[in-house]
Structure formats: structure tokens, C-alpha cells
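This report describes the architecture of a single protein chain.

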Amino acid sequence: MSMNNKQRWMGGVVLLGGGVLLAALLLKGNEEIKHVGAEPQTSTSPKLHAKPKPSAQEGQMVQLQPLAVDVETEKRLLEEQRRSREKAVAEQEARAAEFLAMQQQAEADAARKAAAEYAAINARRAAAQESSDNIPPEVAGSDVKTKGQQTDTKKSVDTAKAEAEKKAAEAKHQAEADKKAEAKKHAEAEKKTAEAKHKADAEKKAEAEKARELLENGDKKWMVQVALAANQANADAVVSKLRAKGYKVTTSPTSKGIRIMVGPAKDRDTADAARKKITSDSSLNMKSAWVIDWVPLDQR
């Protein structure tokens, strides 16, 4: 095999191998990005009005997490998804850099080999010139042809290097764009979560004001006390259960806990009928409800 054919074969192998490796890395990176973007975003947050499972013990308070737990869970899920995408982008950039380094090493090896062969040709030509002052025309033509082939090889290597650098830059630009889109999406999700929390707080406050107005300014004062919660979280859990059943519920803080009442009713008989209905509902598990003649503290 002649020297020219060897050089052409070497250049073709370098270009073909580099192109196949680059295509494989880019295809794998795109598949990983699509796979990460297609992950379902499920929420494990409890619904605001979910029905907690009743306890077997009579009169035991059912605990529900406050709304703050729902917000924190959503934030944690969003943070995990952001980290996963950043990790995928970093891995893609690392693979692109590794491929570029491999490509540069292959180009350097090819250049060194071509330089060695060219030096060997020059050495043989110098030896031939020392033995004879007349250089045959065919030798001179071969010299020119060899130089032209070396120039073509160098141009091919430079072209391949430029293509590799261009593709690496495009991959980096795409990764940065994906990162910005993810940050924007994360900010919008946090904004929606905050708005949902604000709306829920406003609705809860409006319900409390409405119940207070009815109890303090109306003439209906017969109430059915269903429980005495130790803290606000327990009280909210019981209130959610009763409101899900359609009852009007109000709370009143005392020195021993938070009193939870259903009503008010026009008279004691109506309140007692409501008490029987509540105690007979097994899903509520409130067997110890009783009727009271309740008056707000500021009206006593």
C-alpha cells in the first residue's frame, strides 16, 4: 500500500469514527433530556377537605396536617425535579467535553503521524540529492503530489474539528436554554402555590367571621358541642370532617382547649335532633356530642 493511500485511509477512519461517536453521544443526551422532561409530576399532598380515617377509640381527635405541610411538600417536589434536570444537563455537558477532548487527541495523533511520514520523505529525498545532482522528473512530481495530499488531509482534519466545536457549542446553548425554562417554570409553580394558600386562608377567615357574626348578633344560641380539641390542628381536622357532611361549624377557644360546635339551632329540640344525627353517623365517630345553651363571652 502506497504512502498516499495510507494517509487517505487514516483520515477517513478518523472522520468516520468521530462522526459516529458524536452522533451516539448527542442521541443519548437528547433521549435522557426527553425522559427527564416526561417524568409525571405527582403530588402527594393531601386535599384540603380530605376525609381522614376515623380512630377506633371513642372521642379521639383525628389529626390532619395544616395547609403549610401541603405547601412544603410541593416545594420539595419542585426542588427535586429541578436538581434532576440540572444533573442531566451537567452530564450532557460533561459528555460533550469528553468527546471534544477525544476528537482533539485523535487530530493531534494524526498530525504527528503525518509529520513523521513527511519528515521521512524529506530525509529520503535529501539522501537522493546527495548521491546525484539530477533529480528524476517522476520523483519531483511525486513530491508535489505528496504535499498536496498532506494539505488535503490537514484541511479535512480542520473541517472535522470545526464541526465538532460547532456541535458542542449548540449542545451547551440548548442546555442553558433548558435550564432557564426550568427556572421559570419553578418560579411560576411557587407563585401558584402561594396564591392557593392565600385564597384558602381568606376563605377560612371569611367562614370564621360569618359564624361569629351569626352567633354574636343573632338570636340562635342552641349549639351541639361535638368535641374539645387540644390544639388548632386537631380542631381543623374535626371542622373539615363536619363541613364535608354539610354542617355549620364554629369554634371557641377555652382554657382547656378549642371547643367545636355545630349550629346554632332555633330551639333545643332542633339542636337535639342534630346531635342524634351526628352521633349516629359512624363515619364521624362522635358519640359524645351534647346540646348546650352557648353564649359568646362578650355577651355574658
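## Terms and basis

Two strands are taken to pair if DSSP finds at least two bridges between them. Helices (H or I, at least four residues) and strands (E, at least two) are DSSP runs, numbered from the N terminus.

The model is predicted, with local features requiring pLDDT of at least 70 and side-chain atom pairs pLDDT 80 or more, whereas totals for chains, interfaces and linings use all residues. Residues are numbered from 1 along each chain as its sequence is written, and side-chain values use heavy atoms, without hydrogens and water.

## Sheet

The chain contains five helices and four strands, arranged from the N terminus as α-α-α-β-α-β-β-α-β. The four strands form an open antiparallel sheet in the order 2-3-1-4. Strand 2 (249-253) and strand 4 (290-293) each have a single partner strand, so one side of each lacks a neighbour in the sheet.

Strand 1 and strand 4 run antiparallel and are joined by four bridges; V224 has V291 in strand 4 as its bridge partner.

## Helices and core

Helix 4 packs on the sheet, touching strand 1, strand 2 and strand 3 (contact: heavy atoms within 4.5 Å). Helix 5 lies across strand 1, strand 3 and strand 4.

The largest nonpolar core has 20 residues. Such a core is a set of buried Ala, Val, Leu, Ile, Met, Phe, Trp, Tyr and Cys residues joined through side-chain atoms within 4.5 Å; buried means under 20% relative accessible area with a 1.4 Å probe, protein chains only. V224, V226 and I278 are among the residues with the most contacts inside this core. Beyond four places in sequence, I278 touches residues including V224, V226 and V262.

Conventions
Buried < 20%, exposed > 50% of the residue type's maximum accessible area, 1.4 Å probe, protein only. Axes fitted to C-alpha atoms, helices over the stretch in contact; angles between N-to-C directions.
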